[in-house]
Amino acid sequence: HADPCAAPSLSSSGARKLMQDPPAVFWHERQHPKKRTKAMNFGSGAHEWLLEPETFKDRHFILSENHNSRTNAGKAERAEAEAEGLRVLTHMEWIDLQGMREAVLAHPYAMAAFENGLPEKSLIWQDRDTGVWCRSKPDYLPGRGRIYADYKTTLSVRTVDLQSTIKNYGYHQQASWYSDRFRALG
């Protein structure tokens with residue numbers, strides 16, 4: 001999700017960062033991205049397996065069911081995949097991703113949000129008030145209708161946990177960022 005603009009542009013994540021931290025922290029993290037975590041790899045895997053399954057294997061490496069990451073061979077296998085720029089997922093994570101995708105595809109309303117449109121397309125605009133270039137990359141732009149899907153992974157689907165996750169990760173702010181931009185771009 002690199003910045004496609006000639007001048008630095010602002011994403012929803014960047015806007016949320018600026019609301020919490022001084023601009024110097026935002027700029028530093030922009031120049032020095034954080035190392036990807038296991039949770040980030042899993043979330044990216046979930047998105048790509050659902051939205052772009054044809055290119056999933058180009059970006060991910062699935063460890064075998066009997067992989068042992070404590071052995072030298074196991075460590076070397078993981079390191080080689082990572083050196084090739086692949087996101088490494090365990091066999092159990094792969095099983096989970098398959099189940100998650102099957103659940104979405106089997107649900108008529110959820111599946112409707114991911115039909116006849118375009119996955120992972122960047123939207124770019126210039127803010128009228130500030131002149132700042134902005135960008136967003138919604139999970140899926142509908143070909144018809146007005147459902148804009150944003151696929152998220154979570155550790156728990158209990159209502160209280162989901163509410164906490166939405167607040168802690170600023171998903172409500174991200175939703176506003178997207179909906180305002182969809183309206184502005186027509």
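Where is the place of Asn116? Asn116 is in the loop between helix 7 (108-112) and strand 4 (118-119). Helices here are DSSP runs of H or I with at least four residues, strands are E runs of at least two, and both are numbered from the N terminus.

Hi everyone, a quick word on the background. This is a predicted model, where local features need pLDDT of at least 70 and side-chain atom pairs count only at pLDDT 80 or more, while totals for chains, interfaces and linings use all residues. Residues are numbered from 1 along each chain as its sequence is written, and side-chain values use heavy atoms, with hydrogens and water left out.

Back to Asn116: its phi is near 55°, a positive value in a residue other than glycine. Glu120 also has a positive phi, near 50°, and is not glycine either. Glu120 sits in the loop between strand 4 and strand 5.

Now, the hairpin. Strand 5 (residues 123-126) has a covered face, Leu123 and Trp125, and an uncovered one, Ile124 and Gln126. Strand 5 runs antiparallel to strand 6 (residues 133-136), and 4 bridges join them; two strands pair if DSSP finds at least two bridges between them. Trp125 stands opposite Cys134 in strand 6. Between the two strands there are 6 residues, and in this hairpin Gly131 takes a positive phi near 80°.

Last stop: Ile166, in helix 8 (residues 159-169). Ile166 is partly exposed, with a relative accessible area of 39% (buried is under 20%, exposed over 50%, partly exposed in between, using a 1.4 Å probe and protein chains only).

Thanks, everyone!
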